[in-house]
Amino acid sequence: MIRKEGTTKAAPIEQRRRQFLSLIGGAGTIGLAGCIAGDEGESDGGETDDSQFNFALATEIDTLDIHATGRVPEQIVGNAIHDQLFRLNYDLEPVPHLVTDYEVNDDATQYVFQIEEGITFHDGTNLNGESVAWNLERFADANGRLSFMIDMEMIDTLEATGDHEVTIEYNEPNPRLLYNLCEFPLGMISRDAFEDAGDDYGTDVAVGTGPFRFEEWADAEYIRLTRFEDYEWGPEFIKNQGPANVEAIEFNIIPEQATLNSELQDGYLDGTSYVELTDASRFDDASSVKLHENPYPYPAWHPFNLDREPTDDIRVRQALIHGLNSEDTITAALDGHGENIHALSPPTSVGGIPEDQATEVGYEFDQERARELLDEAGWTNSSQGETREKDGQPLEIEMLAFDLPQWQPQGEVAQAQWGEIGVNVELSAVEGGTFYDRLENQEYHTATAGTGAEYAADFLMRCLHSRNFAEEGGFNLARYSNPEVDELIERGNNHPDAEERHAALRNAGEIAMEDAIWAPVMTVNRTYAHKEYVSGTDTFTEHQWWPTQYWSHHLHVDL
């Protein structure tokens with residue numbers, strides 16, 4: 001991680017906490033009381049004060065290069081620095097943000113965008129047709145986890161056709177482009193800044209058009225952004241088009257959940273999206289903190305690596321699915337703050353498999369059936385729970401888990417329950433960077449996986465299509481390759497008729513379940529918590545998919 005030359009590191013967390021408590025023990029009490037006694041409702045927007053919002057992240061980020069990522073921590077930070085061409089409104093429809101007007105032909109093979117004039121990057125360069133076209137091409141080449149959303153193989157033409165006009169022509173229909181243009185990795189970055197920075201882009205340098213500009217990244221401790229005073233082009237459907245209400249945002253990296261909780265309740269933190277669900281109840285009666293919870297289409301599952309023995313055997317995979325009780329996982333990992341799922345895309349996804357249909361294609365918890373399947377596969381033991389063997393080799397699998405409270409217990413439940421059917425699970429709970437390195441190197445048989453599944457089309461494309469293996473920047477951790485499923489997923493993304501798209505996606509999910517490539521576990525509720533004195537959050541939390549809309553939070557939050 002990088003700290004820019006000439007900057008000073010912030011005090012360590014404990015020292016800053018003591019400084020905060022010292023302040024409210026003395027003259028700082030008046031300032032705090034003033035915040036609480038002030039307007040607790042929505043900010044009118046546009047009125048700013050000299051304040052810093054202290055936000056907690058529970059894990060380090062990998063990069064500030066928005067095009068090269070697909071993880072939640074980068075999304076939260078990147079939403080402050082960058083703008084997308086379109087935003088998802090409260091009705092979950094894409095509406096223009098950096099675009100004033102656009103045209104789409106009848107079969108969705110041609111899009112013409114008029115780029116808003118007068119928008120500048122933080123380095124003073126202008127957003128225009130040429131820079132937007134460059135951004136879209138660069139995003140497709142950056143190998144981020146969502147880079148498939150601009151598929152250059154489908155594009156015949158992508159060019160600036162005027163000073164502030166961009167035309168994209170496809171060789172087949174692409175009716176979901178506007179939804180994709182709302183996704184956070186498709187933020188606009190300054191080409192000049194990128195080319196000047198070279199390999200330092202994303203560490204020393206990150207330049208967008210968003211409401212905050214990058215100032216400092218200090219060694220696994222914090223990232224500090226300051227308000228972009230010229231910002232005035234927020235989308236029309238929100239209250240504040242800019243500039244942001246707070247002067248700065250500091251994203252503090254606090255991996256210890258107990259420390260994060262303490263700092264949120266009694267310390268210097270103003271807000272976080274990282275209150276673990278097992279800790280949510282502690283804030284129910286906390287007068288100093290307000291907690292929001294969202295039943296979000298964010299599934300968790302255990303993918304099976306089809307390229308390694310013994311998970312290359314469908315009978316072993318079926319046994320592992322039958323041998324897992326998801327209800328126990330929901331209790332252990334989420335304290336009950338989630339819903340059991342039976343198929344690959346949850347019913348809450350747009351285009352997901354409905355609950356009754358998912359139950360039909362899913363696998364029930366049945367350890368006896370699991371043992372029968374392992375016997376059929378030649379893995380036997382002499383007593384229940386004893387590790388099975390085949391040709392003198394023990395039945396062992398490697399499992400990866402994030403070393404975070406929500407994720408590690410998922411691995412621990414699977415380890416215990418699969419041990420009961422005779423499978424020895426070597427569980428490795430590791431931090432994020434190591435987790436993704438081991439995925440790319442295929443150092444796993446299974447893992448604790450999770451990602452947003454707002455749209456089944458996007459979810460299945462990045463997690464199921466054969467071109468999206470981990471080493472290629474995707475999230476197909478099963479390493480599943482089925483031409484029929486690939487074709488159905490492509491149809492689910494490209495067919496002009498929405499019902500046809502959804503039918504194809506459901507079919508793809510059913511086939512993959514028959515192939516037993518994942519053990520679906522649950523959907524995971526999402527949280528956001530803030531100090532009681534924080535205002536301006538309603539515009540953010542009123543969005544039904546607020547866990548992905550942190551750009552709105554950053555514009556509206558106030559102290």
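Student: Leaving aside neighbours within four places in sequence, which residues is Leu464 in contact with?
Tutor: This is a predicted model, and each value here is computed from it. With the neighbours within four places in sequence set aside, the contacts of Leu464 include Leu344, Phe459, Val485 and Ile489. The complete list is Leu344, Phe459, Asn476, Tyr480, Val485, Asp486, Ile489, Ala508, Ala512, Ile517 and Trp518.

Student: Which residues touch the most other members of the largest nonpolar core?
Tutor: That core holds 156 residues. Its largest share, seven residues, comes from helix H14, which spans residues 456–464. The residues that touch the most other members are Phe113, Leu181, Trp418 and Leu464.

Student: How many residues make up the second, separate core?
Tutor: Among its members are Leu264, Phe283, Val289 and Ala529. The number of residues in this second core is six.

Student: What angle do H14 and helix H16 make where they pack?
Tutor: Two packed helices are described by the angle between their axes and the distance between the axes. On the H14 side the residues are Ala456, Ala457, Leu460 and Leu464, and they meet Leu505, Ala508 and Ala512 in H16. H14 passes H16 in a left-handed crossing. The axes of H14 and H16 (residues 498–514) lie 10 Å apart, and the packing angle is about 35°.

Student: Is Asn482 buried or exposed?
Tutor: Asn482 is found in the loop between H14 and helix H15 (483–494). Apart from neighbours within four places in sequence, Asn482 is in contact with Ile511 and Asp515. Its relative accessibility is 16%, and the limit for this class is under 20%, so Asn482 counts as buried.

Student: Why does the pair of Tyr102 and Phe113 count as tilted?
Tutor: The structure holds 31 aromatic pairs. In the pair of Tyr102 and Phe113, the centres are 6.4 Å apart and the planes are at 35°. Planes under 30 degrees apart count as stacked and those over 60 as edge-to-face, so a value in between is called tilted. The class of the Tyr102 and Phe113 pair is therefore tilted.

Student: Which strands does this pair link, and which of the two residues is buried?
Tutor: Tyr102 lies in strand S4 (residues 99–104) and Phe113 in strand S5 (residues 110–115), 11 residues apart, and the pair links distant parts of the chain. Tyr102 has 28% relative accessibility and counts as partly exposed. Phe113 has 2%, so the buried residue is Phe113.

Student: Which ring has the charged end of Arg526 over it?
Tutor: Elsewhere, Arg282 lies over the face of Phe283, at 5.4 Å from the ring centre. The charged end of Arg526 sits 4.4 Å from the centre of its ring, and that ring belongs to Tyr298.

Student: What is the phi of Gln442?
Tutor: Gln442 is found in the loop between helix H13 (432–440) and strand S19 (446–447). Its relative accessible area is 24%, and Gln442 is partly exposed. Gln442 is not a glycine, yet its phi is positive, at about 60°.

Terms used: Residues are numbered from 1 along each chain as its sequence is written. This is a predicted model: local features need pLDDT of at least 70, side-chain atom pairs count only at pLDDT 80 or more; totals for chains, interfaces and linings use all residues. Side-chain values use heavy atoms; hydrogens and water are left out. Rings of Phe, Tyr and Trp (its six-membered ring) pair if their centres lie within 6.5 Å; planes under 30 degrees apart count as stacked, over 60 as edge-to-face and the rest as tilted. Helices (H or I, at least four residues) and strands (E, at least two) are DSSP runs, numbered from the N terminus. Buried means under 20% relative accessible area, exposed over 50%, partly exposed in between (1.4 Å probe, protein chains only). A charge sits over a ring if NZ of Lys or CZ of Arg is within 6 Å of the ring centre and within 35 degrees of the ring normal. A nonpolar core is a set of buried Ala, Val, Leu, Ile, Met, Phe, Trp, Tyr and Cys residues joined through side-chain atoms within 4.5 Å. Contact means heavy atoms within 4.5 Å. Axes are lines fitted to C-alpha atoms, for helices over the stretch in contact, and angles run from 0 to 180 degrees between N-to-C directions. A crossing is left-handed if the near helix is turned anticlockwise from the far one by less than a right angle, and right-handed if clockwise.
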